[in-house]
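Hi everyone, thanks for making the time.

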Amino acid sequence: MQILLTGATGFIGRRVAARLRADGHRVVEAVSPRHGAPGPDQRVVDFARDLAPGAWLPRLEGIDAVVNAVGVLRGSPRQPVAALHRDAPIALFDACAQAGVRRVVQVSALGVAQGDTQYASTKRAADQHLLGLAGRTPAAGGTALSACVVRPSVVFGRGGASSALFMNLAKLPVLVLPQPVLTAQVQPVAVQDLADAVAALLGPAMDRQGVVECAGPQALPMAGLIASLRAQCGHGPARVLPLPGPLTRLSARLGDLVPASPWCSESLALLGTDNTADAATLQALLGRPTVPYRDLVARDWSRSS
């Protein structure tokens, strides 16, 4: 198939692109206007401005399927979260329904169904809109739209902002974290497992629709994940101390003032909430065991990508 991939240059998008090409698909990358002159398999899009279906229809010519892998924890005046997560994806999905695109896969996140952060609410709005379009046949006839929303737990791998944060924390001999973050349960999923899941939904599981929750094989507290990463790097146990509530809130607010910081009020809300699902779902989709948290560093971080 010819597949339009948004977020193709990002942490998850790069892995998805490589996996789809390995399966024999032609991947057309949607790239930012700031990327420079587009190549033969690239189409320029602007998620901050392409907020109507008409802006997307010319870019869908000859496209059989679309994967939306755009996601940011924090926005900016040039890239507002509402536009990137909700408005542009909704316009893209409406255009897909009009153009007769056969399949759309939306990469979302576990926990957005209940969260009230800007990240969760905007992702949830796009997810719900896409699922509402499923089964719709274009006015000109043809194949009805097939849609799937992938919601992974914490995605781990080289190149991920949260992964880099966890790895830096794993280097510290004394770990001071907010109590909610220390105790929140996560099920880290290797980025390659997630890429393979997206590929499966465009191959053997092409007919699957609805929400697919993707989680690693084991759940553990965030403190346990960081301790495991530290051990995988060859370090001894660190001393773990909880950060008092007032200091937690103050640190998050200070992070809000630093646009490049991965620590902010949004990340506090996301990391302080349980992020787990049935591990069997992803394993059944892939038809194989998934990478356990004890092997995350060896399986991905030690390789350049």
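**A salt bridge and its surroundings**

Let's begin with Asp196 and Arg19, whose side chains form a salt bridge, 2.7 Å from N to O. Asp196 sits in helix α7 and Arg19 in helix α1 (residues 11-22), so this pair ties together parts that are 177 residues apart in sequence. Please keep in mind that this is a predicted model.

Is Asp196 buried or exposed? With a relative accessibility of 12%, Asp196 counts as buried, because the cut-off for buried is under 20%. Helix α7, where Asp196 lies, covers residues 191-201. Leaving aside residues up to four places away in sequence, Asp196 touches Arg19, Leu286 and Arg288.

Arg19 is partly exposed, at 25% relative accessibility. Arg19 also has a salt bridge to Asp23, with 2.3 Å between N and O. Asp23 is partly exposed as well, at 39%. Which residues make up the network of salt bridges here? They are Arg19, Asp23, Asp193, Asp196 and Arg288.

A search of the whole structure gives nine salt bridges. One of these joins Asp87 and Arg86, with the closest N and O atoms 2.7 Å apart. Both partners are partly exposed: Asp87 has 25% relative accessibility, and Arg86 has 31%.

Now for the sheet. Seven strands form an open sheet with parallel pairing, and the order is β3-β2-β1-β4-β5-β6-β11. The edge strands are β3 (42-44) and β11 (210-214); each has a single partner strand, so one side of each is left without a neighbour in the sheet. From one strand to the next, the twist averages 20 degrees.

Val31 stands opposite Val44 in β3.

What about helices on the sheet? Helix α3 (residues 81-99) lies across β1 (2-6), β4 (65-68) and β5 (103-107), at about 170 degrees to β4. Helix α4 (residues 118-133) packs on the sheet too, touching β5, β6 (146-152) and β11, and its direction makes about 150 degrees with that of β6.

Last stop, the surface. Leu247, Leu250, Leu254, Leu257 and Val258 make a nonpolar patch of about 480 Å². Leu254, in helix α9 (residues 245-256), counts as partly exposed at 49% relative accessibility.

That's my tour, and I'm happy to go back to any part of it.

Terms used: Residues numbered from 1 in each chain as written. Predicted model: local features only at pLDDT ≥ 70, side-chain atom pairs only at ≥ 80, totals over all residues. Heavy atoms only, no water. Helix = DSSP H or I, 4+ residues; strand = E, 2+ residues; numbered from the N terminus. Contact = heavy atoms within 4.5 Å. Patch = residues over 30% accessible without salt bridge, like charges linked within 9 Å, V, L, I, M, F, W, Y side chains within 5 Å. Areas by Shrake-Rupley, 256 points an atom, 1.4 Å probe, with all protein chains shown as cover. Salt bridge = Lys/Arg side-chain N within 4 Å of Asp/Glu carboxyl O. Buried < 20%, exposed > 50% of the residue type's maximum accessible area, 1.4 Å probe, protein only. Pairing = 2+ DSSP bridges. Axes fitted to C-alpha atoms, helices over the stretch in contact; angles between N-to-C directions.
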